[in-house]
Amino acid sequence: MPKLLHHPGYADEKLQRVEQLIPCRELQAGMLVSLMGQPQHYSYPSIFIYGHRASGKSHVLHILMKELELPHAAVSCVECVSAALLYERVLTSFFGRSAASFLPRSPSLSEFVRLYRHQRSQSPAEQTRYIVMEKAELLRDADANLLPALLRLQELVDDNITVILLSEIVWEKFRPNTGCFEPLLLHFPDYSKGELQQILSTDSHPSYSAELYSSYINILLGVFYSVCRDLRELRHLAALNFNKFCEPLTEGKETHKLWRNIEPHLKKAMQTVYIREVSSLQWEQMQQTEDEGGALRGLSAHTHVELPYYSKFLLIAAYLASYNPARTDKRFFVKHHGKIRKTNFLKKNEKTSNHLLGPKPFALDRLLAIFYSVVDSRVAPTASIFSQISSLVTLQLLTQISHTDQLDAPKYKCSISLDFISAVSRTVNFDIVKYLYDFL
Amino acid sequence: MSKRKVKDVHLPTGECITQLQQVLRERFCHQRLPEKPEGVEAQHKNLLELLRRTAVHGESNSLLIVGPRGAGKTTLLRCALRDLLQDKDVNKNLLQVHLNGLLQTDDRIALKEITRQLHLENVVGDKVFGSFAENLAFLLEALKKGDRSSSRPALFVLDEFDLFAHHKNQTLLYNLLDVSQSAQAPVAVVGLTCRLDVMELLEKRVKSRFSHRQILLLSSLSFPQYQQRIQAQLSLTDAFPDAHFAEEWNSSIKTLCEDKSAQDVFRRQFHFSTDFRSLHTLLVFCLSRVTVSKPVIKAADVLEASRLCLCDAKANMLHGNSFNFELHKDSIYWPFSFPVVLQLEI
């Protein structure tokens, strides 16, 4: 691959500074610089860069544009909700405020191109001009002619201009129906574990040594890398938990206990802060109070839902219907039952518990049958019971599987976890574990 | 200035590479017109003849150039125009209006653009016209030559012709083709489109006014011809300042095209698509790896470029996901679901 450090047309010290500012992305930046070529040469009219979030796309491009002092217009498609804002931004960046003032009220693309051509004839480009568009996937929702026109802008305005699109989505999802000018496609891969370590270690705390911080990062990555590779998330987590890590040091204890101290803490963080059940502020407060015995009160709505009495039983019945196989209903819910013959029923390799396989769909009749056997008093099948089932669906505690047209035999699925249903059944003094097939 | 070619000019390698990059980048990125259009000589002659009939003899014509994306429609038209405008009389008289379906999304905008390109804004001023036809007739009337005997020939080029067919009532198309059929003024209407079924998009009244003349650019190249084209695209012409460097470069290109692995890459590209544009994408990647320390394109460059062009984007994105699905040998019996994998991962 062409080395970033040297390219005719760009000063060496500028390129070196770029390389220092973009760790672990030298390869991609080198490819970009070689594609851009020397400033006075033409470059390919459009380049499409894709990669996961926090893979360094905008960062690399902004650093390149700034350090190499290339004339560019940085546009975020989130800000430019209308095309007029985009045109104004581009004209202002290249030709100054006065040029943008010539744009009429709601300019069409035709007027933008005409104005650009006019300005270009007065000040032609000596070096390649760039338009960098972030979150380019929003362009698909704009006018249908905007994206194809931007891809071939070089040809339309007859100027040395290149449009660079950054997106998290692959190019195949952008292509219009009748085709368009295909841009060059570049992929920014995710950072590997070593690269993440290298990057995260650069924000070390000034009062601690770099080795301590990098050993902390090592531990953090060991816990979180398998579930999260997003650089932004990891930086956030590192910043939140560093104080806890350093606690034994400030208290004067041994350094080799650091790992043992921090590991359960990180595991707890994974379940709460990472999935945003607890906000960062709450997390910091909890760290200060250090309440070991108390359960974490999450932000999740599930812990605060209060249901009417029969709805709770309906929910319990739904859970049982989802997670018990249908043939075992007789054993659980009928007064005088026989024993189940185990051997014939076990299918090949059916060792996995139903809880791992996820909820199974059930018909309304089965739900009602289980409900009537579970609820202690006699309940009449009134409309209020049925409407409670619909409200459970609206609360997203049940999911409707069958098509809404089928009114006579709707099918549902229970979409709650064991913890939740245990909490609910505890409030009605119902021992749900006794009725679950997996815990027989 | 002496016309003798200076054969002994030797530029330093850095300068040569810069010149080389400039020439080739203009060819690949900026679509610089070739001296002679290659592979489409018959179509070129046809088009030129037609345009000449309008520009010189005052005949009205309409024509569609149809071909898939990247086939070279715009290049063909521009080459024909360039050759046509070499005639001084034509250069003086012919009026050109270039419209693009992507830019002029509405007939109103199109009309404003026509007025502007014919430099008739002052003439039109603040007049209000009843219909599109009146407006267009006024414009064409204003183009008559000083002695009012004959009008100047006008050439209307409609890029992305199929998008004009989506306008309301296809007014612009109807009026332009109407003018080209009636004897008002010598007008040539040339449409360029990538849709092969463009005729079905036209309304009946528009279709009947169209001359049904089509130039198809469906290339039927064989692989050796394609290879020759690659070689021609990468080679330097005699106009290059340093003749010695140009010779060395051309011979290195020749060796490259004879290399087995490079030929495999070109064959793969040929099977994928034979148009110019995808070829240019590949060649731009190859060109970006030419530096002063390595002033040739090697087979490894071509392989790397092909890998970049033909990589599977979705597979790349999947690779970056956190979950690594490792399917076990007997996994076909084991039902997978997210909770199962979650248990395995954590």
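**Close-up views of a predicted model**

**View 1. Strands E1 and E5 of chain A lie side by side as a parallel pair.** In this predicted model, strand E1 (residues 46-50) of chain A is joined to E5(A) by four bridges. Strands of a sheet pair through backbone hydrogen bonds, either parallel or antiparallel.

**View 2. The open sheet of chain A has five strands.** Their order is E2-E3-E4-E1-E5, with parallel pairing. Strand E2 (72-76) and strand E5 (184-187) of chain A form the edges, each pairing on one side only. On average, and with direction ignored, neighbouring strands of the sheet are turned by 20° against each other.

**View 3. Helix H4 of chain A packs on the sheet.** The helix covers residues 83-95 and touches E2, strand E3 (129-134) and strand E4 (161-167) of chain A. Between the direction of H4 and that of E2(A) the angle is about 155°.

**View 4. Helices H2 and H3 of chain B cross at roughly 50°.** The axes of H2 (residues 41-57) and H3 (residues 73-84) of chain B come within 9 Å. At this angle, H2(B) and H3(B) are therefore oblique to each other. Their crossing is right-handed. From H2(B), the contact is made by Gln43(B), His44(B), Leu47(B), Leu48(B), Leu51(B), Arg52(B) and Ala55(B). H3(B) contributes Leu76(B), Leu77(B), Cys79(B), Ala80(B), Leu81(B), Asp83(B) and Leu84(B). Sorted by class, the contact of H2(B) with H3(B) has 10 nonpolar, two polar and two charged residues.

Methods. Residues are numbered from 1 along each chain as its sequence is written. Chains are lettered from A and ligands numbered from 1 in the order in which they are written. This is a predicted model: local features need pLDDT of at least 70, side-chain atom pairs count only at pLDDT 80 or more; totals for chains, interfaces and linings use all residues. Side-chain values use heavy atoms; hydrogens and water are left out. Axes are lines fitted to C-alpha atoms, for helices over the stretch in contact, and angles run from 0 to 180 degrees between N-to-C directions. Helices (H or I, at least four residues) and strands (E, at least two) are DSSP runs, numbered from the N terminus. Angles under 35 degrees count as roughly parallel, over 145 as roughly antiparallel, 65 to 115 as roughly perpendicular and the rest as oblique. A crossing is left-handed if the near helix is turned anticlockwise from the far one by less than a right angle, and right-handed if clockwise. Contact means heavy atoms within 4.5 Å. Ala, Val, Leu, Ile, Met, Phe, Trp, Tyr, Cys and Pro count as nonpolar, Asp, Glu, Lys and Arg as charged, and the others, Gly among them, as polar. Two strands pair if DSSP finds at least two bridges between them.
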